[in-house]
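Take the parts one at a time, in plain paragraphs.

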Amino acid sequence: MMRSLFSGISGLKVHQTKMDVIGNNISNVNTVGFRASSVNFTDVFYQTTQGASGPNAETQAPGTNATQIGLGANVAAIAVDLSGTGATQRTDRGMDVMINGDAFLIAKQNGQTYFTKSGALDVDANGTLYCTTNGAAILGWRAVDIGDGTREIRKDTATTLQLMGGENSYSAPNATTDITLKGNIDSNDVQVNFVSANQQTGYPLSVSFYDKLGELNTAKFVVHKATATAESQFVMKLTDILGSDGKSILKVQDAATGNWSKPASGALNEITGLNLNGVDLKGYTVTSTGEINFGTTVAWPQIKFSGATGEFEWVGDATNSPKTTTKEAQKFLQLGITKGPTTTATPPVAAESPYLPGGINANGGLVENGVKIDFSNLTMYAQDGVSSVKPTRGTNDGKGTGNAAGSLTGFTVQNDGKIFGVYTNGDKNLLGQIAVATFANPSGLEAAGNSLFSATKNSGDFDGIGIDISEVGKFSIGALEMSDVDLANEFTAMITTQRGFQANSRVITTSDSMLEELVNLKR
């Protein structure tokens with residue numbers, strides 16, 4: 001009879017444990033990335049009062065089973081299923097990520113490596129990516145420069161991602177390499193009429209471009225007919241180049257006299273090279289009133305259209321022929337600028353040239369330096385005597401636009417875990433990629449609190465590198481993984497646990513009553 005007392009006690013204990021687990025599950029019903037636990041019981045300790053015997057052929061006695069009395073229950077396991085993906089909670093926050101796949105984010109806290117399903121991420125004051133649920137740093141791979149302004153992810157040991165600070169705080173300027181002209185030059189437009197070979201008037205065309213220092217310059221041109229009788233051939237003349245402050249970089253004004261002149265030799269930002277499609281223009285002069293004169297002998301580039309169709313044919317020179325026989329190069333004109341020293345050091349320190357002289361090389365091909373202007377999208381259709389040409393920085397597919405220097409304003413995360421910095425100049429630079437970890441037995445991970453888990457011998461080891469999320473799934477951006485607690489199941493389990501606890505308490509009270517009756521036999 002004493003055995004039933006202790007069996008009842010063991011039943012109370014295991015049901016209390018199960019109630020503790022249920023309470024923890026319900027309390028975490030809204031915890032991001034939480035996985036519910038379940039309790040499994042097992043029977044333990046049997047007292048054998050009679051062993052089993054086999055049948056006896058001689059005496060015809062049958063076999064008997066063993067007689068055993070159980071001594072209660074025990075907790076066999078508290079299991080949690082960490083595989084798969086829970087339900088989605090939409091947040092629309094760009095730094096929130098949800099793992100769609102059987103994987104974990106890798107986190108580091110107090111020198112220890114942990115794993116978590118919580119993707120509520122942010123950047124701390126030091127610029128480190130971390131999980132707001134527990135304050136642990138999130139590990140991944142950093143981006144490295146491989147040349148030509150290109151960055152790629154180097155997937156070596158997973159480390160903390162320093163997204164702010166250092167070179168990530170700004171975006172370096174890039175020089176404009178390409179400009180595309182689109183529109184129409186109407187030969188009936190009075191603005192393009194031929195007046196004289198030395199005229200400085202015509203259809204005005206302003207082309208803006210960034211130099212290597214990130215300064216926005218503007219080259220001003222005029223376009224007019226090549227001769228009085230030409231109807232489909234036009235001259236393109238450079239008239240001035242303005243700096244980012246809107247002032248000409250080809251001339252300077254004396255503060256005392258107010259007279260204009262060309263920057264003196266060796267002066268700051270002196271134009272030491274000026275080239276338009278192979279035509280050297282650095283020998284220009286400036287009058288005291290500020291007029292820029294490139295001379296009367298300059299062979300300005302010419303633009304040729306088909307007189308029959310109005311389609312563009314080539315950009316050439318003053319000999320009524322393309323500058324080069326290379327068909328692709330016939331679409332372009334190049335502007336090259338070289339600036340002098342930018343410091344007053346002795347001796348003067350020559351600055352890196354924002355542009356080297358452009359034009360055509362000895363082999364008839366385009367040189368790589370300078371601003372390349374594409375004319376192939378222009379036409380010469382009749383449009384009521386009105387010309388309309390719009391210059392756009394970059395090629396037709398958006399390459400070579402250039403940009404000024406920019407500062408970091410925010411981040412974007414892609415569904416492959418790659419993180420890009422967003423800058424004030426419109427640039428997006430690759431900063432790093434979030435790594436994930438997988439385990440042979442994810443349920444073997446050990447809970448460490450704060451939605452963190454640590455690896456155990458039964459879960460499998462972490463190799464220190466991690467894997468790309470694309471190997472097992474993808475990230476959902478602007479969403480978090482909800483708790484998988486099912487309140488209907490938990491309340492049902494609570495009812496059965498309560499009844500089990502109640503039944504075991506009845507075993508104890510009934511055993512007590514029976515002992516009382518036994519004691520009363522003395523009377």
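**A walk through the chain**

N489 has its place in helix α2, which covers residues 487–519. Helices here are DSSP runs of H or I with at least four residues, strands are DSSP runs of E with at least two, and both are numbered from the N terminus. With a relative accessibility of 48%, N489 counts as partly exposed. The scale behind that word is this: buried means under 20% relative accessible area, exposed means over 50%, and partly exposed lies in between, with a 1.4 Å probe and protein chains only. N489 and I22 are 467 residues apart along the chain, and their C-alpha atoms are separated by 9.7 Å.

The model is predicted, so local features need pLDDT of at least 70 and side-chain atom pairs count only at pLDDT 80 or more, while totals for chains, interfaces and linings use all residues. Residues are numbered from 1 along each chain as its sequence is written, and side-chain values use heavy atoms, with hydrogens and water left out.

Next comes the chain as a whole. Its secondary structure comes to two helices and 37 strands. The radius of gyration is 41 Å, well over the 24 Å that the globule rule gives for 523 residues, so the protein chain is more spread out than a compact globule. That radius is taken over C-alpha atoms, and the globule rule is 2.2 Å times the number of residues to the power 0.38. Along the principal axes, the C-alpha atoms fill a box of roughly 140 × 55 × 45 Å.

Of the 523 residues in the protein chain, 42% are buried. Contact means heavy atoms within 4.5 Å. Among the contacts with a separation of 6 or more, 62% are between residues 24 or more positions apart. The protein chain exposes about 26600 Å², and carbon and sulfur atoms supply 50% of that area. Accessible areas come from the Shrake-Rupley method with a 1.4 Å probe, and for residues only the protein chains shown count as cover.

Now to the strands. Strands of a sheet pair through backbone hydrogen bonds, either parallel or antiparallel. Two strands count as paired here if DSSP finds at least two bridges between them. Six strands form an open sheet with mixed pairing, in the order β22-β21-β27-β28-β15-β29. At the edges stand β22 (279–280) and β29 (388–393), each with a single partner strand, so one side of each is left without a neighbour in the sheet. Strand β15 (residues 178–184) pairs with β29 in the antiparallel sense over six bridges, and L181 stands opposite P391 in β29.

Strand β18 (residues 233–242) has 10 of its 10 residues buried, so it is largely enclosed by the rest of the structure. β18 pairs in the antiparallel sense with strand β17 (residues 216–225) over eight bridges, and the bridge partner of V223 in β18 is M236. β18 also pairs in the antiparallel sense with strand β25 (residues 302–305), over three bridges. There, F234 stands opposite I303 in β25.

L238 lies in β18 and is buried, with a relative accessible area of 0%. Not counting residues up to four places away in sequence, L238 touches A219, K220, F221, L274, L281, F294 and W300.

I78, in strand β4 (residues 73–80), counts as partly exposed at 48% relative accessibility. Leaving aside neighbours within four places in sequence, I78 is in contact with T17, V21, S37, S38 and V39. I78 and S37 are 41 residues apart in sequence and 6.4 Å apart in space, C-alpha to C-alpha.

Two loop residues close the tour. D92 lies in the loop between β5 (88–90) and β6 (97–100), and its phi is near 60 degrees, a positive value in a residue other than glycine. D92 counts as exposed at 57% relative accessibility. D384, in the loop between β28 (371–379) and β29, has a positive phi of about 60 degrees although it is not a glycine. At 80% relative accessibility, D384 counts as exposed.
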